Amino acid sequence: MNLVDDIRRGDVRAIARAISLIEDFEPEAELLADSLFPHTGRALILGVTGSPGAGKSTLVDRLITLERRSGHKVAVIAIDPSSPFSGGAILGDRLRMQEHATDSGVFIRSMASRGFLGGVAAATGDVLKVLDAAGYDTIFIETIGVGQTEIKIVELSDIVLLVLMPGTGDEIQAMKAGVMEIGDIFIINKKDMPGADKLRMEVEYVLSFKNPGEDTVINPIVMTSATNGEGIGLLREAIAAHRSEIARSGKLEQKRRFRLERELMGVLSRKIHRLMDVRIEVSKQLPDWTDTLYRRKACPYALINKQIQNFLKEGRGDRTN
Amino acid sequence: MPSKKTRILIAKPGLDGHDRGAKFIARALRDEGYEVIYTGIRQSPEAIVQTAIQEDVDFVGLSLLSGAHNELFPRVVDLLKENGAEEIKVIGGGIIPEEDIPSLKEKGVQAVFGPGTSTEQIVEFLEHESGR
């Protein structure tokens with residue numbers, strides 16, 4: 001496949017097109033992703049999450065500058081929500097990163113979530129393969145930023161940066177399950193705002209809850225002011241130190257194995273879903289099924305079990321993909 | 001299950017900071033189901049073209065009110081061509097005098113939408129051009 005060679009040479013047009021093929025679930029996307037797969041596993045993948053307005057994009061912008069100074073090629077996947085009504089989206093994260101627009105060592109791509117939950121888009125994992133195979137050393141994934149459901153980022157990243165800011169009720173939000181667990185490095189941005197020190201203490205307090213012996217890695221907390229460029233050097237050092245630490249302790253390998261496991265499960269369930277849809281025409285029959293349920297003529301589990309029985313009896317699935 | 005979305009970059013070249021029109025269009029197109037990449041004010045033609053290529057957009061919509069459209073719009077068209085991305089279509093909007101439109105079109109700007117253009121007109125154009 002010619003496109004694969006072009007991607008590996010770092011051809012920007014090829015990379016951009018490949019991402020579109022994958023995003024649009026074009027028929028050739030699977031073969032493309034698999035052809036790239038052997039050439040992946042080299043990039044450091046940093047997930048950036050946190051509530052809207054916390055300063056994720058500005059932080060990424062500042063980190064790009066430092067990464068470039070050390071000669072690293074950088075890619076960014078910036079995810080924004082699709083409208084559940086029109087399917088359209090306004091993708092505005094790169095607004096804060098436009099000073100890097102003409103730097104050939106930086107590739108920024110905005111992605112709409114296209115209805116996928118978990119803070120990222122369904123195709124994000126395969127888009128990562130394109131950027132990894134294209135030779136970007138550091139890849140940032142910036143999530144939508146709606147907080148407590150952004151768990152998918154853990155499956156996709158080597159290190160998750162959780163961006164918090166004072167004065168948004170983050171003190172209590174931080175206590176809730178699902179937010180604090182996903183962060184590897186905690187960033188308290190807008191550190192010059194009132195409440196920043198208090199937030200830091202709260203975060204330290206919550207982090208100290210960890211069960212003894214459960215996790216020997218100490219989660220760093222870094223205070224930054226992204227707009228003024230303060231604390232970014234410290235943040236980058238914390239990322240580098242954390243990376244060495246998890247590489248040494250085996251946690252990085254463990255994470256990457258977990259990512260592959262989740263990916264396989266994802267592909268499997270999508271494929272099964274697809275197969276069932278083709279074989280028993282789920283989409284077509286859905287209105288009728290719904291109708292029988294509404295009239296209480298059937299029950300959900302029984303109805304689906306019956307369909308699956310029929311499917312198993314009738315087919316030794318070989319025609320569909 | 002291919003699910004192609006039309007992507008459009010809305011960008012403001014030049015030095016004027018009046019982005020109401022650009023933002024209005026961005027929102028209107030979002031509501032029509034487009035994926036709109038918005039990069040804000042004061043973008044150089046080089047930055048616009050690199051963004052359009054990385055984002056793999058179908059269209060670039062340029063908004064300008066300062067009067068520099070005769071230089072900046074064709075420059076974007078030329079740079080796209082130089083970078084092998086001539087299939088990305090360029091459209092313009094803002095305060096563009098009627099008499100400038102023919103020469104802009106000659107230089108490769110596909111359409112110019114002035115004040116008073118309805119969202120429907122723009123969408124109709126985009127749908128037609130993207131073959132939908």
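Guide: In helix H2 of chain A, the residues A:Ile15, A:Ala18, A:Ile19 and A:Ile22 meet A:Asp126, A:Val127 and A:Val130 of helix H5 of chain A; two residues are in contact if their C-beta atoms, placed from the backbone, lie within 7 Å. These contact residues comprise six nonpolar, no polar and one charged, where Ala, Val, Leu, Ile, Met, Phe, Trp, Tyr, Cys and Pro count as nonpolar, Asp, Glu, Lys and Arg as charged, and the others, Gly among them, as polar. The model is predicted: local features need pLDDT of at least 70 and side-chain atom pairs count only at pLDDT 80 or more, while totals for chains, interfaces and linings use all residues. Residues are numbered from 1 along each chain as its sequence is written, and chains are lettered from A and ligands numbered from 1 in the order in which they are written.

H2(A) covers residues 12–23 and H5(A) residues 124–133; helices (H or I, at least four residues) are DSSP runs, numbered from the N terminus. Two packed helices are described by the angle between their axes and the distance between the axes. Here the axes come within 9 Å and cross at roughly 160°; axes are lines fitted to C-alpha atoms, for helices over the stretch in contact, and angles run from 0 to 180 degrees between N-to-C directions. H2(A) and H5(A) are therefore roughly antiparallel to each other, a term for angles over 145 degrees.

Elsewhere in chain A, strand E5 spans residues 138–142. Five bridges join strand E1 (residues 44–50) to E5(A), and the two run parallel. A:Leu44 stands opposite A:Thr138 of E5(A). Strand E2 (residues 74–80) is likewise joined to E5(A) by five bridges, also in parallel.

How values were computed: Buried ≥ 20, exposed ≤ 12 C-beta atoms within 10 Å, placed from the backbone. Pairing = 2+ DSSP bridges. Parallel < 35°, antiparallel > 145°, perpendicular 65-115°, else oblique.
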